[in-house]
Amino acid sequence: MDESHEILFDEQTIANKVEELASRISADYAGKEPVLVCILKGAMIFTADLMRGLTIPSVIDFVRAASYGGSTTSSKSITIEQDLQIDIRDRHVLLVDTIIDTGRTMDQLLRKFGARGPASIKAVALLDKKSRRVVDVAVAYRGFEIPDVFVVGYGMDCAEKFRNLPYIAALKTD
Ligand code: IMP
Ligand code: MG
């Protein structure tokens with residue numbers, strides 16, 4: 001990374017927050033075995049760290065979503081490009097993403113998976129760009145609220161680059 005990037009959260013800061021979220025989830029889901037649904041690709045690192053932080057058993061599955069249609073942001077829809085393998089009926093589901101921006105991805109996945117009869121379904125996000133929200137989506141477990149900046153690292157990309165960075169940085173677009 002060069003001088004056009006600014007580190008927002010370093011490795012230790014992220015680890016502490018992930019640990020905090022994992023502790024809360026472990027307490028709230030004690031006696032249960034939640035299904036962690038990793039929203040590909042960006043959430044693979046966060047989900048892996050979160051799962052390792054849990055002190056309760058859990059299982060993992062993956063979904064790949066893409067947005068399509070609509071020339072305006074408000075008319076965009078989400079399509080599932082790669083679906084879950086697990087039947088989530090009667091399971092406790094946690095949908096995991098690294099960042100929530102407009103809220104559209106999380107909102108539509110909550111609705112689609114919510115229609116499959118899970119025992120419960122909630123959203124987990126490490127970062128929340130709240131000022132960008134278009135759809136009012138409930139985020140049960142949230143790490144940090146961030147301003148409207150484009151971030152990379154810790155799984156998040158810009159044109160598939162920077163996912164490997166162990167920290168989260170803001171990309172400057174000047
Ligand atoms: P939403 O549907 O608008 O909430 O967008 C959520 C998705 O957009 C995330 O899963 C990311 O893939 C992507 N995204 C949103 N903001 C950023 C960012 O600042 N950096 C990288 N990806 C982002
Ligand atoms: Mg991306």
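Contact means heavy atoms within 4.5 Å. The model is predicted: local features need pLDDT of at least 70, side-chain atom pairs count only at pLDDT 80 or more, and totals for chains, interfaces and linings use all residues. Residues are numbered from 1 along each chain as written, chains are lettered from A and ligands numbered from 1 in written order, and side-chain values use heavy atoms, without hydrogens and water.

Q: Which elements do the buried residues of H3 pack against?
A: Helices (H or I, at least four residues) and strands (E, at least two) are DSSP runs, numbered from the N terminus. Buried means under 20% relative accessible area, exposed over 50%, and partly exposed in between, with a 1.4 Å probe and protein chains only. In H3 the buried residues are Arg104, Met106, Asp107, Gln108, Leu109, Leu110 and Phe113. Their packing partners are S2, S3, strand S4 (77-82), S5 and strand S6 (120-128).

Q: What is the volume of the largest pocket?
A: A pocket is an open set of points on a 1 Å grid where a 1.4 Å probe fits, with protein on both sides within 12 Å along at least five of seven lines; lining residues have an atom within 4 Å of a point. A volume is the space filled by probe spheres set on the points, which are joined across faces, edges and corners. For the largest pocket that comes to about 830 Å³.

Q: Which lining residues are closest to the centre of the largest pocket?
A: The largest pocket has a volume of about 830 Å³. Its lining counts 29 residues, and the closest to the centre are Asp97, Ile99, Asp101, Thr105 and Asp157.

Q: How many charged residues line the largest pocket?
A: Asp, Glu, Lys and Arg count as charged; Ala, Val, Leu, Ile, Met, Phe, Trp, Tyr, Cys and Pro as nonpolar; the others, Gly among them, as polar. The lining has eleven nonpolar and seven polar residues. The charged residues number eleven.

Q: Which helix gives the most to the lining of the second largest pocket?
A: This pocket has a volume of about 200 Å³. Its lining includes Glu11, Ile14, Asp49, Tyr154 and Pro166. Helix H1 (11-28) and helix H2 (44-53) each supply at least two residues. With five residues, the top contributor is H1.

Q: How many nonpolar residues line the second largest pocket?
A: One residue of this lining is polar. Four are charged. The nonpolar residues number six.

Q: Are the rings of Phe9 and Phe144 stacked or edge-to-face?
A: Rings of Phe, Tyr and Trp (its six-membered ring) pair if their centres lie within 6.5 Å; planes under 30 degrees apart count as stacked, over 60 as edge-to-face and the rest as tilted. The structure holds two aromatic pairs. In this one the centres are 4.1 Å apart and the planes at 20°, so the pair is stacked.

Q: How many residues apart in sequence are the parts that Phe9 and Phe144 tie together?
A: Both residues are buried. Phe9 lies in strand S1 (residues 5-9) and Phe144 in strand S7 (residues 141-145), so the pair ties together parts whose separation in residues is 135.

Q: How are the rings of Phe46 and Tyr154 arranged?
A: Phe46 sits in helix H2 and Tyr154 in the loop between S8 and strand S9 (168-171), 108 residues apart. Phe46 is buried at 0% relative accessible area, and Tyr154 is buried at 5%. The ring centres are 6.5 Å apart and the planes at 50°, so the pair is tilted.

Q: Which residue lies over the face of Phe144?
A: A charge sits over a ring if NZ of Lys or CZ of Arg is within 6 Å of the ring centre and within 35 degrees of the ring normal. At 4.9 Å from the ring centre of Phe144 lies Lys17.

Q: Which residues does Lys130 touch?
A: Lys130 lies in the loop between S6 and S7. It is partly exposed at 44% relative accessible area. Not counting residues up to four places away in sequence, Lys130 touches Arg142, Glu145 and Ile146.

Q: What is phi of Asp90?
A: Asp90 is in the loop between S4 and S5. Its relative accessibility is 61%, so Asp90 counts as exposed. Phi is positive in this residue other than glycine, near 65°.
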